[in-house]
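This briefing concerns selected side-chain packing features of one protein chain. Please consult the sequence and the structure shown below while reading.

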Amino acid sequence: MSSLQKRKRKKGTAYVIQFVLQKERRALFLDAKYKFDDALAVQRLVDRYVDALELGAPVDRRAQIAVENSPDLRERFVAAGLIDDGLTLDELFARYCSCRNWKASTRDNVERSFDSLLRVLDGATPIRLVSRDDAQAFVQSLAGFSRATFATRVRIAKSLFKFAVDNEWIARSPFALIVGGSYRNKSREYYVDMATFARMLETLDDEEKALLTLYRVAGLRASEPLILTWRDVDFKKGRLTVYSPKTNATRVVPLFPAVRDALTRIRGSGAMFPPMTRQKVYYTVEKALRRAGLPPYPRLVQNLRSSASVDIYKEFGEVCENAWLGHTLAVAKAHYLHETDEDFNAALRWQKSVAKSVAQTRQKSSKSVKNKKTGSPRQNAGTRVK
């Protein structure tokens with residue numbers, strides 16, 4: 001337990017809170033602006049901090065917030081050795097990365113996001129000094145990026161400071177009230193219908209046709225066909241085993257008739273396709289569009305995959321769509337599933353059929369009422385009330 005002692009000063013009575021931490025006597029000094037009741041409240045906070053530090057347990061949340069909300073009091077706790085004030089942005093990022101096992105592409109995104117943060121803040125800045133204004137300045141600095149990049153970098157910044165809060169290095173995250181935005185950009189969504197896709201295939205060789213069919217019909221990711229081997233194809237059972245570098249998982253996809261036909265034409269042994277870069281894959285799609293006299297669309301390979309996602313979802317439901325494309329329903333809704341022109345046309349046809357059905361029902365009802373009114377005299381006489 002700590003002790004509270006008075007000290008007479010020219011400006012009034014000051015207080016000293018003495019305590020023992022890790023077998024070392026220490027003191028926290030309060031000047032004359034702290035009254036006796038204030039000093040008692042601070043003494044209770046000191047006891048909570050000492051108990052937590054001695055036990056290696058988290059500091060009581062209320063005590064931590066009370067100290068963090070008072071810059072003067074926090075400086076006194078730092079001076080007394082109750083708070084470690086040395087954690088900087090650079091150190092926080094290093095600890096954050098050491099706790100994760102990311103793929104190379106994910107780590108690259110995280111590092112790019114941190115570089116964007118360092119354009120606003122110095123890496124030597126203590127994380128406790130990062131304010132909401134700093135967080136807002138970071139968001140404003142991302143104004144020139146695409147919607148998806150903006151959302152990714154804000155999300156990573158929020159996650160970084162949440163990590164600091166979860167470890168109780170700061171009481172509150174300056175990014176807590178920042179809205180990250182949506183990853184979905186509807187202006188880049190495009191449905192490649194099968195008629196358009198057939199035109200794209202007309203001028204390609206069999207190998208290129210097979211590659212694009214795996215994207216448009218089977219819904220493979222850009223990198224997935226490039227590592228397929230013929231051992232992954234089971235023509236007898238109609239199965240295609242796909243390994244995804246992105247998820248580090250394997251899934252089984254049906255050997256759709258169009259996929260079977262395309263692969264049969266190039267059937268061989270070993271690797272299914274010769275080594276090629278992603279740039280060559282995108283060039284193949286561009287070439288197919290150019291030769292077919294079709295305008296280019298956004299996200300050349302991604303929209304082939306998302307078009308397959310839409311078709312599979314409509315025909316087989318969400319369970320099969322999630323399993324065959326290798327993602328969750330939340331991901332499918334955010335990045336793949338969207339309405340098509342045919343959906344709108346079907347809605348218009350449905351509305352016309354409903355209107356026609358209503359008109360026919362009204363017409364039948366009108367005829368029925370008319371027949372009742374114009375019934376035979378005997379029928380009419382039979383309905384008279386005597």
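Is F138 buried or exposed? At 0% relative accessibility, F138 counts as buried. The model is a predicted one, and the points below are grouped by topic.

**Aromatic pairs**
- The count of aromatic pairs comes to 12.
- Among them, the rings of Y96 and W102 have centres 5.6 Å apart and planes at 55 degrees, so this pair is tilted.
- Y96 has 5% relative accessibility and counts as buried.
- F138 and F175 form an edge-to-face pair, with 5.8 Å from centre to centre and 75 degrees between the planes.
- This pair links distant parts of the chain, 37 residues apart: F138 belongs to helix 6 (residues 132-141), and F175 to the loop between helix 7 (147-166) and helix 8 (194-201).
- F175 is buried, at a relative accessible area of 1%.
- Y96, W102, F163 and W169 are linked into a cluster by ring pairs.

**Charges over rings**
- R95 lies over the face of W169, 4.9 Å from the ring centre.
- K6 lies over the face of F36, at 5.8 Å from the ring centre.

**Helix 2 (residues 61-68)**
- A63, Q64 and V67 are buried in this helix.
- Seen down the helix axis, the buried residues fall within an arc of 100 degrees, so they line one face of helix 2.
- These buried residues pack against helix 1 (36-55) and helix 3 (71-79).
- At the start of helix 2, a side-chain oxygen of D60 comes to within 3.1 Å of the backbone nitrogen of R62.

**Cysteines**
- The count of disulfides is zero.
- For C97, the nearest cysteine sulfur is that of C99, 9.2 Å away.
- C97 counts as buried at 10% relative accessibility, whereas C320 counts as partly exposed at 24%.

Note on methods. Residues numbered from 1 in each chain as written. Predicted model: local features only at pLDDT ≥ 70, side-chain atom pairs only at ≥ 80, totals over all residues. Heavy atoms only, no water. Buried < 20%, exposed > 50% of the residue type's maximum accessible area, 1.4 Å probe, protein only. Helix = DSSP H or I, 4+ residues; strand = E, 2+ residues; numbered from the N terminus. Arc of directions from axis to C-beta. Contact = heavy atoms within 4.5 Å. Polar contact = N/O pair within 3.5 Å; in protein donor to acceptor, adjacent residues only side chain to side chain. Disulfide = S-S within 2.5 Å. Phe/Tyr/Trp six-rings, centres within 6.5 Å; stacked < 30°, edge-to-face > 60°. Lys NZ or Arg CZ within 6 Å of the ring centre and 35° of its normal.
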